[in-house]
Amino acid sequence: MADDDIEMTGKVRDKLIERKQDWARDGRLLTGTTADPEKDRLPPGQRLVKEWPVLDLGQQPLVTDQKFRLDVDGAVESRLSLRLDEFMALPQTESVSDMHCVTQWSRYDNRWKGVSARALLEIVKPRSEVNHVIFTAFDGYTTNIRLDQFDQPDVFLVHQWEGEPITREHGGPVRMLVPRLYLWKSAKWIRRIHFTISDHPGFWEVRGYHNNADPWLEERYG
Ligand SMILES: Nc1nc2c(c(=O)[nH]1)N[C@H]1C(S)=C(S)[C@@H](COP(=O)(O)O)O[C@H]1N2
Ligand SMILES: [Mo]
């Protein structure tokens, strides 16, 4: 599933994946309410945490600076294939945002540094027919969002959290951050960003999780 050349630690946790699929089937944690993100900072059914939990499929890739590569491709005017130093040379911005995970935790006021989605869009210039953005990670994980969800001021490719490099367990050296969607849309260990006219539901989307994933609409499953 993943890049042959990348060392992995841990094993894919099949039992955990099955359990999360069961949650989707059973509609676990659903409150049946919605909220207005302008008024309610905390989405329905969420609980605040202080520590930042680690969640993934159980197998973490060791993406060294040497092995890092980011491809941006698909229906764009200019494709990119960047080494880490080339990525770091792109315009960098800081941003503070909240995180909301479908397993019910939310964490406020995370300070990030990285390349904004909008800066990337300016460089690659998707063609007018592009509707979807597909993320592929070094562990083989995939997830999908719409172009209008990607084209937001708070969407970033981040490499720092609270002034420190993002740790390997949280998806370093570079991960996606799409703070106004459930966190499974924010691919860790980002390897490829693909702009496309057709949607490609990713790892959790084909296992019962919602394609759109808006926490205020409680789009956990679907
Ligand atoms: N590459 C990759 N990205 C991933 C995942 C994964 O398994 N692999 N899990 C997703 C899920 S389900 C969540 S909740 C968040 C968790 O990010 P964190 O471990 O930094 O909290 O990462 C998302 N991105
Ligand atoms: Mo998750």
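Is Arg47 buried or exposed? In this predicted model, Arg47 has a relative accessible area of 56%. The cut-off for exposed is over 50%, so Arg47 counts as exposed.

Arg47 belongs to strand 2, which covers residues 47-48. Apart from its neighbours within four places in sequence, Arg47 is in contact with Gln104, Trp105 and Ser106. Val12 lies 35 residues from Arg47 along the chain, and the C-alpha atoms of the two are separated by 27 Å.

## His100 and strand 6

Strand 6 runs over residues 93-100 and includes His100. With a relative accessible area of 1%, His100 is buried, because buried means under 20%.

Which side chain makes a polar contact with the side chain of His100? The partner is Ser106, at 2.8 Å. Ser106 is also among the residues that Arg47 contacts. When residues up to four places away in sequence are not counted, His100 touches Arg41, Pro43, Gln46, Trp105, Ser106, Pro179, Leu181, Tyr182, Leu183, Pro215 and Trp216.

## The ligand site

Where does ligand 1 sit? Ligand 1 is found in the largest cavity. There are 21 residues around ligand 1, and those that come nearest are Pro53, Asp139, His170, Arg175 and Lys188.

Polar atoms of the protein approach ligand 1 from both side chain and backbone. In the side chain of Trp52, an N or O atom is 3.0 Å from an oxygen atom of ligand 1. A polar backbone atom of Leu55 lies 2.8 Å from an oxygen atom of ligand 1, and a polar backbone atom of Ser186 lies 3.0 Å from a nitrogen atom of the ligand. Ligand 1 exposes 530 Å² when taken alone, and the protein buries 99% of that area.

Asp56 is in the loop between strand 2 and strand 3, the latter made of residues 60-62. How far apart are the C-alpha atoms of Asp56 and Lys188? They are separated by 8.6 Å, although the two residues are 132 places apart along the chain. Lys188 is also one of the residues that come nearest to ligand 1.

Leaving aside neighbours within four places in sequence, Asp56 is in contact with Leu16, Glu169, Lys188 and Trp189. Within its own stretch of chain, the side chain of Asp56 has a polar atom 2.9 Å from the backbone nitrogen of Gly58. The side chains of Asp56 and Gln60 are joined by a polar contact of 2.9 Å.

## Helix 3

Which residues of helix 3 are buried? In this helix, residues 117-124, the buried positions are Ala117, Ala119, Leu120, Leu121 and Val124. In an α-helix there are 3.6 residues a turn, so residues three or four places apart point the same way.

Several elements cover the buried residues of helix 3. They include strand 4 (70-74), strand 5 (80-82), strand 7 (105-116), helix 4 (147-150), strand 10 (156-161) and strand 13 (190-196).

The phi of Lys125 is positive, about 50 degrees, although the residue is not a glycine. The relative accessibility of Lys125 is 40%, so Lys125 counts as partly exposed.

Glu129 is placed in the loop between helix 3 and strand 8. A relative accessible area of 42% makes Glu129 partly exposed. The side chain of Glu129 makes a polar contact of 3.5 Å with the side chain of Ser128. The C-alpha atoms of Glu129 and Thr196 are separated by 8.1 Å, with the two residues 67 places apart along the chain.

## Backbone features in two further loops

Trp189, one of the contacts of Asp56, lies in the loop between strand 12 and strand 13. What is the phi of Trp189? The value is near 45 degrees, which is positive in a residue other than glycine. Trp189 counts as buried, because its relative accessibility is 1%.

Pro173 is in the loop between strand 11 (164-165) and strand 12 (175-177). The peptide bond from Gly172 to Pro173 is cis, with omega near 10 degrees.

How values were computed. Residues numbered from 1 in each chain as written. Chains lettered and ligands numbered in written order. Predicted model: local features only at pLDDT ≥ 70, side-chain atom pairs only at ≥ 80, totals over all residues. Heavy atoms only, no water. Buried < 20%, exposed > 50% of the residue type's maximum accessible area, 1.4 Å probe, protein only. Helix = DSSP H or I, 4+ residues; strand = E, 2+ residues; numbered from the N terminus. Contact = heavy atoms within 4.5 Å. Near = heavy atom within 4 Å. Polar contact = N/O pair within 3.5 Å; in protein donor to acceptor, adjacent residues only side chain to side chain. Areas by Shrake-Rupley, 256 points an atom, 1.4 Å probe, with all protein chains shown as cover. 1 Å grid on protein atoms, 1.4 Å probe; cavity = no way out; pocket = protein on both sides within 12 Å on 5 of 7 lines; lining within 4 Å. Sits in = over half its atoms within 2 Å of the grid points.
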